[in-house]
Amino acid sequence: MATRKPEAAKKAKPAAKPKPKPASAAKPKAKPKPKTVAAAKPADIKPRAPRVPRAPRALRVPELEAPPTTRVGYVALIGRPNVGKSTLLNRIIGQKISIISDKPQTTRISILGIHTTPQGQIIFIDNPGIHKPLHHLNKRMMNFVYASLETADVVCLMIDATEKFGHGDEFVLETMRKVSKPVFLLINKVDIVRKDTVLLLIDRYKDILPFKEIIPISAAVGTNADVLERLLFDHLPLAHKLYGDTDITDQSRRFLLAEIIREKILAHVEQELPWVTAVYIDAMEKRDPEGENAPGGGGEEWNPEPDVELEEGAAPSEYVQQEVERFKKPAPEVIIPKAERREKREPTTYIKASIFVERDNHRKIIIGRQGKTIRQIGIEARHEIQSILGSRVYLDLRVRVRPLWRDSADVLDLIEGQKEM
Ligand SMILES: Nc1nc2c(ncn2[C@@H]2O[C@H](COP(=O)(O)OP(=O)(O)O)[C@@H](O)[C@H]2O)c(=O)[nH]1
Ligand SMILES: [Mg+2]
């Protein structure tokens, strides 16, 4: 389960200051480099302030503290869509913090996975897959990739041993040629390929880039995860920890829940639909099942708002504007109702979420015949969310048609903004 960052860390977040340098570092090597987030990007991509993690203020190092003995740094997970980056992150962290699917472009925003051991702290940056950006959404996704390459102390380039080398790989290598950090090559999915295939890949890649290490791994099974961890620590600078020992991610719980719903959608829809689907958590409230605000009971009707659906081709709606306004206001994540809780009956967490699609036929696919698909998505998401929240969940899903949301900065801000809420 995702933990929230300490208050101090949240406060420190908007500050676009470089990482602190411990003044008392023993060797010059020991000083963490100041991280800039300006990305090395192709000229056609407009720079956008990427949400790259900063050190929590509370953990910044006082001037006269003892020299660090731990190894700490950022490791960027880079590669084409579907090579297994998120699977590796979850494997190392030991919990699901990044969603996984066999569809491309599952991960859209960089997510941190913080791995703390007695040796130090590896802060993994899980990224969207490297691809040529066509939509505004894709450009933003690629900006996360470029920003993480800037932030990283070590870059892990991951390839899928089961896939043939193609144009996409050329584009990845082109991007990697500009990187001057130590780069590891991780050849993933070795659990399902023959050894000689792996050897051929090692032979092919070793001369393409000066990789510091080439490691065959299986993110799914865990093969060589220990070797990878040891080698990463060897390449990280001596520094004080940047996060608390129990922190495992930087994303808000709200964002993780939206991602889980999206993961279930991806599992149930066809290949092209994932690209046009986004999830936004409209509301999250703890409610007494017999209280005034329970669905179907008491005074207030749950979910009185009708589902607004736009005509195909209509302009981005007022709804989006309202949501953007609402998003700007600080809203408590969980509202405990004033009504006294009844004993024996567990309180329920009501979650209302919008699934954005671009066309009415996409909406029909997600809803499915007689609502079968959306029901299945709801059941699977609810089970997983219940285990994360440790409470009963009532999940209200709405499918909303928003033409061209992938090119709407407002909608993208709204969805990405959930990560910080
Ligand atoms: N057999 C096998 N499948 C894997 C492995 N790692 C990831 N996968 C599968 O590859 C697909 C893409 O994984 P994901 O982590 O979402 O890839 P990402 O797009 O790079 O983050 C999923 O279906 C995973 O279950 C592995 O080591 N072995
Ligand atoms: Mg991923």
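In this predicted model, three strands make up an open sheet in the order β7-β8-β9, and their pairing is mixed. Its edge strands are β7 (278–287) and β9 (392–401), each of which pairs on one side only. From one strand to the next, the twist averages 15°. Strand β8 covers residues 348–357, and β7 pairs with β8 in the antiparallel sense over nine bridges. Helix α9, residues 360–367, lies across β8 and β9 and runs at about 155° to β9.

A second open sheet is built from six strands, ordered β2-β3-β1-β4-β5-β6, again with mixed pairing. Here the edge positions belong to β2 (111–117) and β6 (213–216), each pairing on one side only. The twist in this sheet averages 25° from one strand to the next. Strand β1 (residues 71–79) and strand β4 (residues 154–160) pair in the parallel sense, over five bridges. Gly79 stands opposite Met158 in β4. In general, the strands of a sheet pair through backbone hydrogen bonds, either parallel or antiparallel.

| β7-β8-β9 | mixed | 15° |

On the α7 side, the contact is made by Leu257, Ile260, Ile261, Lys264, Ile265 and His268. On the α10 side, the contributing residues are Thr373, Gln376, Ile377, Glu380, Ala381, Glu384 and Ile385. By class, the contact of α7 with α10 comprises seven nonpolar, three polar and three charged residues.

Ligand 1 is surrounded by 21 residues, and the closest are Gly84, Lys85, Ser86, Thr87 and Ala220. Helix α2 (residues 85–93) supplies the largest share of this shell, namely three residues. Sorted by class, the shell around ligand 1 contains six nonpolar, 11 polar and four charged residues.

Definitions and conventions
Residues are numbered from 1 along each chain as its sequence is written. Chains are lettered from A and ligands numbered from 1 in the order in which they are written. This is a predicted model: local features need pLDDT of at least 70, side-chain atom pairs count only at pLDDT 80 or more; totals for chains, interfaces and linings use all residues. A residue is near a molecule or strand if its C-beta atom, placed from the backbone, lies within 6 Å of it. Helices (H or I, at least four residues) and strands (E, at least two) are DSSP runs, numbered from the N terminus. Ala, Val, Leu, Ile, Met, Phe, Trp, Tyr, Cys and Pro count as nonpolar, Asp, Glu, Lys and Arg as charged, and the others, Gly among them, as polar. Two strands pair if DSSP finds at least two bridges between them. Axes are lines fitted to C-alpha atoms, for helices over the stretch in contact, and angles run from 0 to 180 degrees between N-to-C directions. Two residues are in contact if their C-beta atoms, placed from the backbone, lie within 7 Å.
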